[in-house]
Amino acid sequence: MTTTLPQPAADRRDGPEPMLAGEKSDGQLALVKLFAIVPLLALVAAVPFAWGWGLGWVDVGLALFFYTFTCLGVTVGFHRYFTHGSFKAKRGLRVALAVVGSMAMQGPVVGWVADHRRHHAYADKEGDPHSPWLFGTGPVALAKGFWHAHMGWMFEREQTNAVRFAPDLLADRDIRRVDRLFPVLTVATLVVPAVLGGLITMSWWGAVTAFFWASLVRVALLHHVTWSVNSICHMIGDRPYEARDKSANFWPLAIASMGESWHNSHHADPTCARHGVRRGQLDISARLIWVFEKLGWVYRVRWPKPERLAAKLKAPARDHA
Ligand SMILES: [Zn+2]
Ligand SMILES: [Zn+2]
């Protein structure tokens, strides 16, 4: 079954660069499926393990460390820095953020940024690579929409045109190099936890369990948390701010997503370095940017401006604020 979405009128006006560029090959498509499904199966298989043998504190510690490390690579690096430019970073940190974000196995940096900029440009309209609302609002359409927004969109052949959506990254030699190194970084993110597990426990079994928990399960969990921002956070939650789309704040994912589930606030003010802008809204990524700023590694951070936020509050919420 194929759905051909008509190109939005805005796209035709936008100058010479088309929205899409070529198609994914069979090999590329197979790899996306492999990386999306194999870690998920690992996660399901993990449940009985939790009550028996094969899980120890070293595995838990390594899994937590690599989850936090690579999650922040995506949230602070790929998302807030490379996609939205919510701060400036010194060259060393810039390259490091591209490397660590790549270790989340969510695709190379340039493609990730291009897809996400396209998401904001067309949020919940035709042209959005992963809106849950493209099929309608009935229960069947929404189930289909959820699947599409969560994982299904990656199985489409269309590729976002990076020349149009991420020319700044393509113009940077260091970033292009990190982008090309994605296969190596993928191997590294899977192998390093296993090596550490083996060395810490001085056993092959320690390497096997660390590979299982801190490589496969950790990658799978982070995949699903990230994808939930695309699916759940465009379907369910609070919408205190005016946004042109269906983005919502979904508090249960605030810690696991390190602040990214304050997604309505993010769509209302995309370049802001903090997404959890209201009182009590935990945003671990914003805290790390704050630490980087204190260390002098980042500068010109776009912290939230109270007057900007107040102007974006929806009328009833504004009255009660
Ligand atoms: Zn969104
Ligand atoms: Zn964004």
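Mentor: What follows is a close look at one helix and its surroundings.

Some ground rules come first. This is a predicted model, so local features need pLDDT of at least 70, side-chain atom pairs count only at pLDDT 80 or more, and totals for chains, interfaces and linings use all residues. Residues are numbered from 1 along each chain as its sequence is written, while chains are lettered from A and ligands numbered from 1 in the order in which they are written.

Now the setting. The chain has 15 helices and four strands. These are DSSP runs numbered from the N terminus: H or I of at least four residues for helices, E of at least two for strands. Of its 321 residues, 42% count as buried. Buried means 20 or more other C-beta atoms within 10 Å of the residue's own; exposed means 12 or fewer, partly exposed lies in between, and C-beta atoms are placed from the backbone.

Our helix is α3. It is mostly covered, with 19 of its 27 residues buried. Just after α3, Gly 85 takes a positive phi of about 55°.

Take one residue inside it. Cys 71 lies in α3. Cys 71 has 24 other C-beta atoms within 10 Å, so it is buried. Neighbours within four places in sequence aside, Cys 71 is in contact with Ala 104, Leu 222 and Met 258. Contact means C-beta atoms, placed from the backbone, within 7 Å. Val 225 is 154 residues from Cys 71 along the chain, yet their C-alpha atoms are separated by 9.4 Å.

Next, the core. The largest nonpolar core has 60 residues, and Val 109 and Val 113 have the most contacts inside it. Helices that each supply at least two of its residues include α3 (57-83), α5 (109-121), α10 (182-201) and α11 (204-230). The largest share, 13 residues, comes from α11. Such a core is a set of buried Ala, Val, Leu, Ile, Met, Phe, Trp, Tyr and Cys residues joined through C-beta atoms within 7 Å. Beyond four places in sequence, Val 113 is in contact with residues including Phe 78, Phe 82 and Thr 83.

Then the packing partner, α10. The axes of α3 and α10 are 10 Å apart, at an angle of about 150°. Axes are lines fitted to C-alpha atoms, for helices over the stretch in contact, and angles run from 0 to 180 degrees between N-to-C directions. The two helices are therefore roughly antiparallel. That label needs over 145 degrees; under 35 is roughly parallel, 65 to 115 roughly perpendicular and the rest oblique.

Val 58, Asp 59, Leu 62, Phe 66 and Thr 70 of α3 meet α10 residues including Thr 189, Pro 193 and Ile 200.

Key. Contact = placed C-beta atoms within 7 Å.
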